Amino acid sequence: MRKRNVFLILAIAVVMVFSLAGCGKKATTGSTSGNATTTPVKGGTMSFYIGEPAYIDPYNCQETEGMQVVQALYDSLTTVDDLNPSKLLPAAASSWSPNADATVWTFKLNPKDKFSDGTNVTAKDFIYSWNRIANPNTKNTLTGKSDPSVISYHLGFIKGYDAVQTGKAKELSGLKAVDDYTLQVSLSQPFADFAYVVMHPSLGPTPQKAVEDGVTYNGKNVAFGDMPVGNGPFKMSEPWKHDQYIKTVRSDTYYGTAAYLDGVNFQIFKDPETAYTEFEAGNLDFTQIGAGKIKDAQSKYGTSKNGYTASPNEQVMLGAETSVYYLLMNNENKYLKNEKLRKAITLAINRQAICDIVFEGTRLPADGIVPPGIAGYEKGTWADSKYDIAAAKQALIDAGYPGGKGLPTLKLSFNSDGGHEKIMELVQADLKAIGIKTTFDSADFPTYLKQLDAKNYDLGRLGWVADYPIEYNFLYPIFNSKSGDNKAYYKNTSVDTAIAEAEKTTDDAARLTKLQAINKTIGSTNPVAPIMFYKHHHVASARINDFTFSAMYLANFSKVWITPGK
Amino acid sequence: MLKYIIKRILQFIPVFFGVTLILFLVANYMPGSDPVQMKVGEKHVTPELRKQIEQDYGLNRPWYIQYGDYLAKLTKGDLGVSISTGRKVSDIILEKYPFTLNLALVAIAIEIVIGICAGVISALKQRTFLDVLVTLATSISVSLPVFWLGLLLQYFFGIFLKQQTGGAFYLPISGASGVLPSWEYYVLPGITLAAVSTAYGARIMRSQLIEVMGMDYIRTAKAKGLSGRQILFHHEMKNALIPVVTFIGLDFGAMLAGAVLTETVFNWPGIGFTIYRAIMARDFQVVIGCVTVILFAVMIINLLVDISYAFLDPRIRFGGSEE
């Protein structure tokens with residue numbers, strides 16, 4: 001009968017339309033055979049996976065996603081070698097020297113250093129940026145409202161810091177521009193590691209005019225926070241497209257060796273699994289490997305020899321990171337301020353199982369808060385950071401909650417966009433095994449960080465990547481009572497004093513011994529539960545060459561190049 | 001006919017006031033919620049901050065004045081400012097809603113074409129292989145979790161097919177690129193979003209058509225000598241379509257509210273994920289602003305559905321039943 005043919009034909013037509021959808025597309029990934037070029041070639045744009053950043057304005061760049069963008073846009077005074085994090089290298093500062101007792105540091109700036117808009121970078125620009133970070137009334141350029149930086153503690157040892165923080169002064173008295181290209185920093189006490197501190201990408205220079213007036217793009221005014229201007233190898237080519245992408249291109253005013261890449265396209269994904277699917281389809285150059293797929297990726301793409309540098313067929317990077325994954329415990333919470341309860345929680349977690357099940361054995365259970373690779377690492381510094389159910393149950397009894405009786409269900413918070421569900425499921429099961437009940441509470445990373453800032457959590461999680469590769473950077477930011485990154489709200493004034501005392505010691509060995517002792521003291525009350533030391537579980541595409549993703553979780557976009565024709 | 005349409009459009013106005021009033025009351029006076037805390041999100045509210053917020057937003061005025069103010073701002077397009085990012089809510093919606101709208105249109109088109117076609121085919125070829133095929137396919141489709149289907153499609157069309165054909169033939173996996181993606185990006189998320197609804201639509205179409213086909217007046221039409229096609233298009237379809245149109249209209253409304261799961265799997269920058277994140281961040285200005293826009297969209301869809309009834313059913317067109 002005729003009538004059904006109409007519908008049948010229509011249905012077939014629809015199916016055919018969809019089938020034809022793929023035909024028009026050019027093939028973007030060809031085979032990997034052909035001549036292997038080993039000399040770097042200029043050209044190409046690298047697509048790089050990130051989650052939605054909280055900030056890309058360096059004044060408050062506080063998490064890993066925004067950091068990837070910031071370190072492409074900014075060069076700070078010093079930097080470290082990609083493969084050897086203890087080796088300091090000049091960057092925006094061509095040389096530096098401390099005085100005899102390390103209380104005054106003088107940095108000589110490279111006069112060729114320019115912002116991407118062509119203006120010279122001078123000592124005044126560093127002073128302006130650092131004051132912006134230290135000042136608690138600094139306005140967020142996107143909202144126009146006051147939004148103090150949570151990373152100002154990096155400048156904590158500079159003279160005048162306390163005065164600025166309490167509102168008594170507007171500028172740090174310890175900063176001085178001796179001349180345009182000489183920056184003199186006076187510290188309130190000796191601090192032997194200061195040259196390491198200033199390598200932090202957030203401490204780069206920002207141009208005052210662009211910060212205050214914004215930038216012009218296509219005739220419209222854009223806030224600095226959506227299109228920051230810096231002195232790094234790359235610059236923003238258009239404003240931040242929230243939840244979609246951040247596009248950067250090579251900066252032609254960069255004082256150092258120009259990058260080979262034409263640009264870096266930071267693709268923002270809500271879910272790392274989607275990003276990995278995109279990578280497998282050949283549409284992404286760098287991403288995290290999907291859960292449970294590490295061995296599979298190794299067999300498909302090959303493994304990097306040193307764990308940090310990717311080249312064709314050696315694309316999976318599994319190097320140890322100078323970072324630690326830990327369970328946060330709100331030390332001001334009425335239940336968790338009980339030290340024995342925290343001890344029970346940390347002893348209950350089967351760290352090896354998490355490493356084996358979720359990461360296919362490629363991670364290391366944490367026996368303390370400082371990871372191997374940082375000078376001063378010792379095994380077993382936190383005595384309770386191990387799996388011991390009997391001891392956990394005993395500690396729970398000592399805490400006054402035998403078998404978990406008397407404890408309400410605790411909230412276990414984490415960020416939903418980092419792939420932490422599986423880990424949290426195991427933690428939840430471990431805690432249930434000794435009688436502690438928990439429920440999940442997840443939000444995206446920027447929201448989750450705000451929750452932590454508002455102390456609105458019971459148990460949480462965080463990862464800490466070394467900002468600078470020294471033991472101080474694990475103890476001070478996470479545990480000093482005044483630090484904005486102390487999200488466990490651990491308060492111990494004698495530890496605060498001890499850390500400051502240790503940093504006065506200019507003799508490296510003696511300083512390390514003091515810091516190790518402080519580490520043990522903090523660990524004895526278990527303010528957080530270290531779970532594991534991170535390793536990279538990242539992969540680069542076959543057309544990427546000489547790409548190093550360092551142990552400090554920073555990508556080197558200057559040396560990487562793309563195989564031509566791909 | 002025109003009278004009917006005008007009457008429906010005029011009914012729009014009291015509905016609009018009623019809906020926005022409920023929204024306003026719920027937003028500001030929900031039992032157990034604190035309007036001041038809702039304005040600041042996660043931040044801790046000190047007594048000074050509370051006074052400042054109450055002043056800034058006029059929270060101490062009588063509710064009808066606040067409601068009037070809210071309506072006035074609405075007509076100007078001012079939906080407030082997002083607490084977490086500081087951007088204007090209207091800007092955020094203008095940026096994200098077109099993506100949701102386009103995806104919803106694609107999904108509805110799939111639903112209409114495939115759903116209705118499959119329903120008609122299986123009704124006409126009742127109890128044959130085609131009917132069984134459609135029934136089976138719809139049953140499977142209804143039971144599939146949306147995100148699982150999405151992942152499956154991504155793997156098959158995005159990766160497997162690409163590898164098998166050496167890169168010549170494939171579909172993009174996610175909407176992460178570009179301002180408004182070109183049409184290939186809509187295929188997979190569109191199919192995923194439409195899958196369950198298409199199944200329902202096909203089933204409803206099938207059962208309605210079967211019911212209508214058994215009616216006396218159809219037998220009369222056949223006896224009169226009308227051709228199969230004439231009977232189908234002029235009599236059977238028009239009568240069978242009303243419940244289907246109702247369903248599709250409701251479904252379109254639901255899609256316009258954003259589809260969080262589809263948006264996450266396909267990294268689609270639509271309104272669904274924005275609302276979800278705003279709820280997590282306690283950013284109520286964004287939530288209320290988005291819900292207002294969605295309400296508008298749904299009301300317009302309902303209006304269109306009602307108007308389409310007038311075309312399908314003369315009894316509605318001329319008001320009241322005839323006998």
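Helices (H or I, at least four residues) and strands (E, at least two) are DSSP runs, numbered from the N terminus. This is a predicted model, in which local features need pLDDT of at least 70 and side-chain atom pairs count only at pLDDT 80 or more, while totals for chains, interfaces and linings use all residues. Residues are numbered from 1 along each chain as its sequence is written, and chains are lettered from A and ligands numbered from 1 in the order in which they are written.

1. Chain B overall. The pattern of chain B along the sequence is α-α-α-α-α-α-α-α-α-α-α-α-α-α, that is, 14 helices and zero strands. The C-alpha trace of chain B spans about 80 × 65 × 30 Å along its principal axes. A residue is termed buried if 20 or more other C-beta atoms lie within 10 Å of its own, exposed if 12 or fewer, and partly exposed in between, with C-beta atoms placed from the backbone. Of the 323 residues in chain B, 36% are buried. Two residues are in contact if their C-beta atoms, placed from the backbone, lie within 7 Å. Taking the contacts in chain B between residues at least 6 apart in sequence, 72% join residues at least 24 apart.

2. Helix H9 of chain B. This helix (residues 216-224) is hardly covered, as the count of buried residues among its nine residues is zero. Just after it comes B:Gly225, with a positive phi of about 105°.

3. Helix H13 of chain A. Seven of the nine residues of H13(A) (residues 445-453) are buried, so this helix is largely enclosed by the rest of the structure. Among the buried residues are A:Phe445, A:Tyr448 and A:Leu452. The buried residues of H13(A) pack against strands S18 (410-415), S19 (438-443) and S20 (459-465) of chain A, and also against helix H12 (271-280) of chain B. A:Lys455, which follows H13(A), has a positive phi near 60°.

4. Strand S1 of chain A. Five of the six residues of S1(A) (residues 45-50) are buried, so the strand is largely enclosed by the rest of the structure. Two strands pair if DSSP finds at least two bridges between them. S1(A) pairs with strand S12 (residues 263-268) of chain A in the parallel sense over six bridges, and A:Met46 stands opposite A:Val264 in S12(A).

5. A four-stranded sheet in chain A. The strands form an open, antiparallel sheet in the order S4-S5-S7-S6. S4 (93-98) and S6 (175-179) of chain A stand at the edges with a single partner strand each, so one side of each has no neighbour in the sheet. The twist averages 20° from one strand to the next. S4(A) is joined to S5(A) (residues 104-109) by five bridges, and A:Ser97 has A:Thr106 as its bridge partner in S5(A).

6. Helices H14 and H16 of chain A. Axes here are lines fitted to C-alpha atoms, for helices over the stretch in contact, and angles run from 0 to 180 degrees between N-to-C directions. The axes of H14(A) (residues 472-479) and H16(A) (residues 508-524) come within 10 Å and cross at roughly 40°. The contact is made by A:Tyr472, A:Leu475 and A:Phe479 of H14(A) with A:Leu515, A:Ile518, A:Asn519 and A:Ile522 of H16(A).
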